[in-house]
Amino acid sequence: MCIRDRVYRLKEQVISAMTIEGKKHNPAAIRVLCVNLESSIAGAEQSLLLLVRFVPKRIQIFAACPAGVLTEKLRSLGIRTCQILSPPRKSNHFFIWLFYLAFVNIQLNLIVFKTRPQIIHANSTKAVLATILPKVFAGRKLIWHMRDLRCSRLLAGICRCLSSKVIAVSKAVKDKLIGLGVKAEHIEVIYNGIATDDIPAKITKKDQSSPVTFANIGQFVPWKKQFLFIEAAERFLQDGSNAQFILIGDDIFARDGKYKKELISKVMTSPFAQNIKIIGWQDNLASYWEQIDCLVHTADAEPFGRVIIEAMAHGVPVIAVAGGGPAEIITNGETGLLFDPDDSDGLLEAMKTISQDRELAHNLAINARKYIISNFQVKHTSEKIARVYEELMAA
């Protein structure tokens, strides 16, 4: 592509920032612009979609995000949206990201002057960096929604200076931020929520003689540690036990292709390849939960773990690492099973427990579902976020 064509495309991107589609705003509501830098749908994007569905009517949400699946879903919900530039696929190229963030800052500055939101809600840490110009020139209140356990002290300091409030998705994230110098009173922990109304209430007890299906669900990125799941699966099958293991996921942001290839190669060359399968990313897991007997979550730096509460709400027992968000969600032996980080022996033992003690697995499923319905309803999450908006307006 020649330089003239590139300039023309950038010009189109700037113009698109001024084009807003969706419902007209309610003049009496608090106007919030949610900024999301990804077009595909992972945990943060699922949370955004649920927020706009269940936020009280006294809040009016607009959205700024790249063109893609997320934009389509937001517009289908009647949310006013505007397009920003898609992020680079090379996550380690500093100057490419610097140029990208500078350009998106210009786009968002135009969007803010067009929509006149009272609050900007950055749906990730990178989204905060994309709102520097709107924050400085438009003077809007900014919320930093922190969904990560990986953040440098410098980055945390910049985001803290820009933001009026920080929403942390878990106590583990709050503790991380405090360790990076963010004041505790500036942070509010609000767990992600799920809509449980359409989830079947019946939990079927599995027959002792039937083989167990273990699943690992998530993005194919190194910190999710899918190789630990495969290692435990091979050891489980070496003992002659009958079970199926499935990995559901993908490199959805196209930044970890090498890891994905290594993962696929590991499964294909496994001596137990007939029992270990990879299934592509699923936006909707409704048709899979009935096939899964146990979710195994191997990430040891998980800030929250949305798929964990989804599994628990569907009556699927969960094995997860005793750390980060999962350790706040699961009570070991009551609502799930926990194992130490990188402890393949502990993971294997937990898998055998689920396989051999179906009564325990059934009780874990029942207890987990009750706990999630009582504590992780998306209506409560949306109401808590709405109160943060109102407190900022009243300050």
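I'll start on the surface. Phe113, Ile132, Val136 and Phe137 form a nonpolar patch there, and together they have about 400 Å² of accessible area. Keep in mind that this is a predicted model.

Where does the largest share of the nonpolar patch come from? Helix 6, residues 132–138, supplies three residues, and that is the largest share. Phenylalanine 113, also part of the patch, sits in helix 4, which covers residues 94–115.

Next, a helix pair. Two packed helices are described by the angle between their axes and the distance between the axes. For helix 11, residues 306–313, and helix 14, residues 358–375, the axes come within 7 Å and the crossing angle is roughly 115°. That makes helix 11 roughly perpendicular to helix 14, since the roughly perpendicular class runs from 65 to 115 degrees. As for handedness, the crossing in which helix 11 passes helix 14 is left-handed.

Threonine 81 belongs to strand 3, residues 80–83. Its relative accessible area is 0%, so threonine 81 is buried; the cut-off for buried is under 20%. How far apart are the C-alpha atoms of threonine 81 and glycine 324? They are separated by 33 Å, and along the chain the two residues are 243 residues apart.

Terms used: Residues numbered from 1 in each chain as written. Predicted model: local features only at pLDDT ≥ 70, side-chain atom pairs only at ≥ 80, totals over all residues. Heavy atoms only, no water. Patch = residues over 30% accessible without salt bridge, like charges linked within 9 Å, V, L, I, M, F, W, Y side chains within 5 Å. Areas by Shrake-Rupley, 256 points an atom, 1.4 Å probe, with all protein chains shown as cover. Salt bridge = Lys/Arg side-chain N within 4 Å of Asp/Glu carboxyl O. Helix = DSSP H or I, 4+ residues; strand = E, 2+ residues; numbered from the N terminus. Axes fitted to C-alpha atoms, helices over the stretch in contact; angles between N-to-C directions. Parallel < 35°, antiparallel > 145°, perpendicular 65-115°, else oblique. Left-handed = near helix turned anticlockwise from the far one by under 90°. Buried < 20%, exposed > 50% of the residue type's maximum accessible area, 1.4 Å probe, protein only.
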